[in-house]
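Welcome, and thanks for taking a look.

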Amino acid sequence: MQLNLLALALSVATAEAAYKGFNYGATNGDGSTRVKADFTAQFQTAKGLVGAPGMTSARLYTMIQGGTTNSPIEAIEAAIEEQTTLLLGLWTSGGGIDNEIAALKNSINQYGDDLAKLVVGISVGSEDLYRNSPTGIKAHSGPGMNPDDLVSAIKAVKAAVAGTSLGSSPIGHVDTWNAWTNSSNSAVIDAVDFIGFDTYPFYQTTDDNSIDNAKSLFDEAMQKTKQAAGGKPIWVTESGWPVSGPSEGAAVASIPNAKKFWDQVACSLFDSDINTWWYILQDYPASPSFGVVGQQLTTKPFSTPVTKTAWGVSPSVTGSVSRSAFRTSMTSTPLQLPSASAVGQFNAAARPTGSIFGAVIAAFALAIIV
Ligand SMILES: *[C@@H]1O[C@H](CO)[C@@H](O)[C@H](O)[C@H]1NC(C)=O
């Protein structure tokens with residue numbers, strides 16, 4: 001009896017704390033490719049954030065270093081030096097995953113156990129189902145994937161890591177919460193080890209999306225996703241509130257509101273030991289902008305007003321960097337040309353449209369479905 005109690009006490013004491021950190025795109029704010037030194041500066045800033053200790057995990061969107069065919073992204077070397085844990089990501093939409101898988105294998109061969117001991121999981125894709133949905137298409141969000149093709153990609157990645165140092169890493173997928181609750185996507189839930197959950201109450205303009213109701217919208221999305229998840233673990237892979245930019249319905253972008261959302265949502269996730277990667281430490285010059293720090297990497301979050309011009313680039317230049325490109329470095333791929341989309345959109349009608357490329361992307365996305 002005493003032994004059982006001791007065992008219980010020990011297992012509680014050694015329960016693993018959750019991973020927490022930020023999302024990291026593959027390019028800098030000016031559109032240049034992030035290299036190791038850039039990732040190092042980001043990871044060091046995250047670790048030193050005042051009032052937010054322990055932000056020592058990084059979610060990536062691609063395995064491929066910008067400007068190469070399938071060389072490992074240099075974030076890995078920075079992470080090994082900074083002992084930053086990694087939620088690896090493969091970009092699966094719009095061009096096949098062969099080079100992503102090759103870069104994953106190259107990373108395993110090159111970094112071995114140094115990499116393996118930092119890897120929290122591997123996400124196959126990011127918001128592909130959302131981009132393939134009517135809302136994503138209406139928002140010109142770029143090419144997505146249907147659930148069957150996504151399941152094939154997940155299986156291909158599982159086969160690629162089997163028997164390697166990453167053979168026991170959980171393999172999952174990241175998507176918006178309403179893609180997970182869409183029963184037509186249930187084959188993806190069956191195929192994954194974890195569910196990467198993206199949610200932005202800011203964009204939920206058909207609900208009361210004022211900052212005062214944001215935490216309850218977040219909790220409701222989590223609850224609905226849990227009901228769909230069939231017991232699979234849910235990791236919060238993206239959430240955040242913009243520090244600047246236009247309003248969406250009752251949602252106002254501001255530093256105080258972004259801080260309030262952080263205090264209420266991020267901090268409660270941290271307290272509940274739920275793996276969380278916030279969006280985002282430093283944003284590219286976007287409007288709205290979600291960066292908790294401004295154009296200067298500072299360890300004081302929610303302190304610097306972020307404006308497009310504060311980045312030292314003109315709005316016309318900023319418009320040439322799409323969020324997809326920011327995340328993956330695929331600036332040269334025609335299908336990644338600028339859309340007017342931001343992240344995690346829910347209500348296309350309420351958001352800015354008008355990119356001349358949007359129609360082309362939407363047509364392409366429709367062609368995939370048909
Ligand atoms: C539900 O998912 C299917 C398959 O991904 C997609 O075709 C459909 O458009 C989605 N429905 C909504 C309302 O998003």
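Which handedness does the β-α-β unit of E3, helix H4 and E4 have? Strand E3 (residues 85-90), helix H4 (residues 98-116) and E4 make a right-handed unit. Please keep in mind that this is a predicted model.

**Around strand E4**

- Strand E4 covers residues 119-126, and eight of its eight residues are buried.
- On one side of the pairing list is E3, which runs parallel to E4 and is joined to it by five bridges. Within this pair, Gly89 has Ser123 of E4 as its bridge partner.
- Strand E5 (residues 171-176) also pairs with E4 in the parallel sense, here over three bridges. Ser123 turns up again in this pairing, with Gly172 of E5 as its bridge partner.

**Around strand E1**

- E1 and strand E2 (residues 57-60) run parallel and are joined by four bridges. Gly21 finds its bridge partner in Ser57 of E2.
- To get from E1 to E2, the chain passes through helix H2 (residues 36-48), and this β-α-β crossover is right-handed.
- E1 pairs with strand E8 (residues 276-278) as well, in the parallel sense and over three bridges. In this pairing you will find Phe22 opposite Trp278 of E8.

**A residue to look up in helix H11**

- Asn257 sits in helix H11, which runs over residues 255-271.
- Is Asn257 buried or exposed? Its relative accessible area is 14%, and because buried means under 20%, Asn257 counts as buried.
- The side chain of Asn257 has a polar atom 2.9 Å from the backbone oxygen of Val252.

**The ligand site**

- Ser133, Pro134, Pro147, Asn182, Ser184 and Asn185 are the residues around the ligand.
- By type, this shell holds four polar residues, two nonpolar ones and no charged ones.
- A polar side-chain atom of Asn182 is 2.3 Å from a ligand oxygen atom, and a side-chain N or O atom of Asn185 lies 2.6 Å from an oxygen atom of the ligand.
- On its own the ligand has 370 Å² of accessible area, of which the protein covers 59%.

Terms used:
Residues are numbered from 1 along each chain as its sequence is written. This is a predicted model: local features need pLDDT of at least 70, side-chain atom pairs count only at pLDDT 80 or more; totals for chains, interfaces and linings use all residues. Side-chain values use heavy atoms; hydrogens and water are left out. A residue is near a molecule or strand if one of its heavy atoms lies within 4 Å of it. A polar contact is a pair of N or O atoms within 3.5 Å; within protein, one must be able to donate a hydrogen and the other to accept it, and residues adjacent in sequence count only if both atoms are side-chain atoms. Accessible areas come from the Shrake-Rupley method with a 1.4 Å probe; for residues, only the protein chains shown count as cover. Ala, Val, Leu, Ile, Met, Phe, Trp, Tyr, Cys and Pro count as nonpolar, Asp, Glu, Lys and Arg as charged, and the others, Gly among them, as polar. Two strands pair if DSSP finds at least two bridges between them. Helices (H or I, at least four residues) and strands (E, at least two) are DSSP runs, numbered from the N terminus. A crossover is right-handed if, with the strands pointing away from the viewer, the path from the first strand over the helix to the second runs clockwise. Buried means under 20% relative accessible area, exposed over 50%, partly exposed in between (1.4 Å probe, protein chains only).
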